[in-house]
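Hi everyone, thanks for having me. Take a moment to get the structure up on your screens, and then we'll walk through it together.

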Amino acid sequence: MFRQIVVLFLLCFISNNSISAYSFYKKGNCGITDSECLSAYYQNVIQKAAESGIPEIGIPILDPYAVKNLNVTVLGLIKVNIPEGTVKGLKTCHSNRFNLDLENKISSVEYVCETINIEGKYNLEPTDVLKVFIGGIDIHGKGVASLKIENVQINLDIPIEVKESEDHEVHAVFDYKGITYTYEVLGKVTLNADSLYVGSQDISTVAVNIFNENWKSLIKLLGRSIVDLALDVFGENANKYSAAVPLKEIISDDLSVYVTH
């Protein structure tokens with residue numbers, strides 16, 4: 001009798017741990033070629049991560065997303081450091097398309113975000129390259145800035161492999177370092193910033209007005225720096241999810257033919 005009780009206890013323990021380990025996701029039933037189903041599935045994942053995070057697998061709340069000590073070099077001329085700030089608006093993003101081409105190992109995704117707000121403290125200084133051109137002119141900034149991007153569309157081509165992991169389950173592995181993308185701002189971009197100087201003269205108002213009047217041209221030059229930062233965050237957390245959730249929980253088709261070792 002004691003042995004039976006122990007066995008029953010162990011079965012309950014294993015069962016409960018299995019349930020808790022996978023309670024953070026909703027099972028899908030999508031075909032490989034069912035773009036609408038896959039888009040809806042991953043849209044739900046993004047919304048969950050944005051609103052409450054997925055702490056079971058180490059994904060923090062993504063809206064707002066806290067950033068610290070980010071360093072961006074713009075056009076090789078200006079170095080911008082963001083010691084602390086926030087990115088808001090992931091909740092407004094939705095997937096219009098999610099296509100899987102496992103034979104060619106590529107996934108094509110289209111996202112549209114209604115409003116993205118980036119705000120926080122910043123430090124700005126010229127690079128050595130720019131210093132050569134401006135000579136002894138002192139350009140610097142240390143203040144608070146915000147950037148609002150309305151209705152941005154991003155089209156991503158993400159390399160993907162299907163692999164069997166140590167848990168003997170088949171998982172997707174996305175290569176976000178090999179990603180290619182295009183983006184288009186369908187709305188507008190608005191900048192606000194203070195404490196930007198040339199020498200002792202505060203040129204914040206002038207510089208902000210110039211940017212806001214010419215954002216369409218400038219965003220073509222600056223946009224990739226912003227998108228690259230966003231993709232780093234997106235890629236890291238997307239791979240946490242794909243490493244935790246076997247593909248059989250998302251896709252109903254047999255994927256064994258696509259497994260690489």
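Predicted model: local features only at pLDDT ≥ 70, side-chain atom pairs only at ≥ 80, totals over all residues.

Residues are numbered from 1 along each chain as its sequence is written, and side-chain values use heavy atoms, with hydrogens and water left out.

So, helix α4, residues 204-213: which of its residues are buried? They're Ser204, Val208 and Phe211, where buried means under 20% relative accessible area, exposed over 50%, and partly exposed in between, with a 1.4 Å probe and protein chains only. Looking down the axis of α4, those buried residues fall within an arc of 65°, so they line one face of the helix; the arc is that of the directions from the helix axis to the C-beta atoms. The face turned away from that side carries exposed Thr205, Val206 and Glu213.

Helices here are DSSP runs of H or I with at least four residues, strands are runs of E with at least two, and both are numbered from the N terminus.

Now the charges. The whole structure has 7 salt bridges, meaning a side-chain nitrogen of Lys or Arg within 4 Å of a carboxyl oxygen of Asp or Glu. Glu161 pairs with Lys105 at 3.7 Å. Glu161 is in strand β5 and Lys105 in the loop between β3 and β4, so the pair ties together parts 56 residues apart in sequence. Glu161 also bridges to Lys163, at 3.8 Å, and Lys105, Glu161 and Lys163 are linked in a network.
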